[in-house]
Amino acid sequence: MPDTLQTVAAGLLPDATRRLVRSVDALDSAEYAEPSGLPGWTRGHVVAHLALNAEGLARALRGVVDGSPASMYDSQEARDGDIAELAADQPAALRARLLGGGTDLFDALDAIPGDRWATTIERTPGGRVFAAADVVSMRLREVEIHHADLACGYTHRSWPTDFVTLLLDTGRAEGLGPLAAYAVDLDRTWRFGDGGPTVSGPAADLAWWLTGRGTGAGLTSDSGTLPQIGAM
């Protein structure tokens with residue numbers, strides 16, 4: 001891994017993946033059709049997204065190794081349609097795709113030559129780009145955040161402290177407006193822009209809120225009102 005962030009993420013991703021798989025394996029068939037924590041998505045949709053996300057990242061990384069650039073998804077429409085289609089499949093098929101996608105992704109990461117981590121990848125043709133080196137931290141965020149979205153007992157307060165810190169360190173800045181986030185349990189402040197209110201609370205609650213989730217329970221603002229955060 002080319003930098004400290006990716007080294008930390010690489011150390012966290014295997015255990016995060018195993019925890020996710022255990023939670024998915026514990027779901028009974030009926031629970032796949034029940035609502036997740038994401039509006040309009042069942043648990044099946046979340047599992048389908050996580051499986052297809054791994055497959056897409058693995059495909060793109062294989063393109064880096066082969067020298068044949070491949071986008072993560074063919075299009076946003078194809079991505080959304082594939083999630084809906086897979087979410088409607090049998091739970092056994094969803095579990096198999098999640099396991100297979102995760103294995104393929106780890107294999108693809110292991111195959112990247114050291115001089116190709118800076119190679120850029122398109123999310124969709126002509127869309128947002130990211131470096132191959134970013135894949136590990138991207139996948140870690142997907143696994144941990146959407147594991148909590150499954151609403152199956154694993155919550156943001158289950159996140160390891162190292163992941164919470166990483167999420168706050170690399171948290172979105174766009175659309176937030178100026179604010180500071182003070183983690184009372186870590187005695188540490190993260191600033192997003194200059195000025196604005198200071199929002200205080202446990203680090204995990206801050207990280208969850210900054211993804212646009214939850215109601216801000218456990219947080220306070222020195223302005224008296226929590227800023228509105230859109231979902232990631």
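## Starting on a helix: Glu85

Let's begin with Glu85, which sits in helix H3, the stretch covering residues 76-87. This is a predicted model, so keep that in mind as you look around. Is Glu85 buried or exposed? Glu85 is exposed, with a relative accessible area of 59%, and the cut-off for that label is over 50%.

For a sense of distance, compare Glu85 with Met72: the two are 13 residues apart in sequence, and their C-alpha atoms are 18 Å apart in space.

## The overall layout

Stepping back, the chain is built from seven helices and six strands. Going along the sequence, the order is α-α-α-α-β-β-α-α-β-β-β-α-β.

How does the radius of gyration fit with a compact globule? For 232 residues, such a globule would come out near 17 Å, and the chain has 18 Å, which agrees. Along the principal axes, the C-alpha atoms take up a box of roughly 50 × 45 × 30 Å.

As for contacts, take those with a separation of 6 or more: 55% of them join residues 24 or more positions apart.

## Surface and charge

The chain exposes about 10,800 Å², and 51% of that comes from carbon and sulfur atoms. On the charge side, there are 31 negative side chains and 19 positive ones. The centres of these two sets lie 1 Å apart.

Ala118 counts as exposed because its relative accessibility is 64%, past the 50% cut-off. From Ala118 to Phe192 is 74 residues along the chain, with 26 Å between their C-alpha atoms.

## The inside

Buried residues account for 46% of the 232 in the chain. The largest nonpolar core has 68 residues, and the members that touch the most others are Leu61, Leu105, Ile121, Val135, Leu140, Trp159 and Leu168. Which helix gives this core its largest share? That would be helix H2 (residues 43-66), which supplies 12 residues.

Leu140 is worth a click. Setting aside neighbours within four places in sequence, Leu140 is in contact with Ala9, Leu12, Leu13, Ala16, Phe163 and Leu166.

## Ala181 in strand S3

Ala181 is part of strand S3. At a relative accessible area of 0%, Ala181 is buried, since the label needs a value under 20%. What does Ala181 touch, once residues up to four places away in sequence are left out? The list is Arg188, Thr189, Trp190, Phe192, Val199, Leu206 and Leu210.

Leu168, one of the core residues with the most contacts to other members, is 13 residues from Ala181 along the chain, and their C-alpha atoms are separated by 8.8 Å.

## Tyr154 and the loop between H5 and H6

Now move to the loop between H5 and H6, where you'll find Tyr154. Although Tyr154 lies in a loop, Tyr154 counts as buried, with 9% relative accessibility. Not counting residues up to four places away in sequence, Tyr154 touches Arg19, Ser23, Glu144, His147, Ala148, Trp159 and Pro160.

Leu20 is 134 residues from Tyr154 along the chain, yet the C-alpha atoms of the two are separated by 8.8 Å.

Most residues other than glycine have a negative phi. Which way does the phi of Ala151 go? Ala151 has a positive phi of about 55° and is not a glycine. Ala151 is in the loop between helix H5 (135-149) and helix H6 (161-169), the loop that also holds Tyr154. With a relative accessible area of 38%, Ala151 is partly exposed.

Asp187 is another non-glycine with a positive phi, this one about 50°. Look for Asp187 in the loop between strand S3 (179-183) and strand S4 (188-192). Asp187 is exposed, at 59% relative accessibility.

Conventions
Residues are numbered from 1 along each chain as its sequence is written. This is a predicted model: local features need pLDDT of at least 70, side-chain atom pairs count only at pLDDT 80 or more; totals for chains, interfaces and linings use all residues. Side-chain values use heavy atoms; hydrogens and water are left out. Helices (H or I, at least four residues) and strands (E, at least two) are DSSP runs, numbered from the N terminus. The radius of gyration is taken over C-alpha atoms; the globule rule is 2.2 Å times the number of residues to the power 0.38. Buried means under 20% relative accessible area, exposed over 50%, partly exposed in between (1.4 Å probe, protein chains only). Contact means heavy atoms within 4.5 Å. Accessible areas come from the Shrake-Rupley method with a 1.4 Å probe; for residues, only the protein chains shown count as cover. Lys and Arg count as positive and Asp and Glu as negative; His and the chain ends are not counted. The place of a charge is taken as NZ of Lys, CZ of Arg, CG of Asp or CD of Glu. A nonpolar core is a set of buried Ala, Val, Leu, Ile, Met, Phe, Trp, Tyr and Cys residues joined through side-chain atoms within 4.5 Å.
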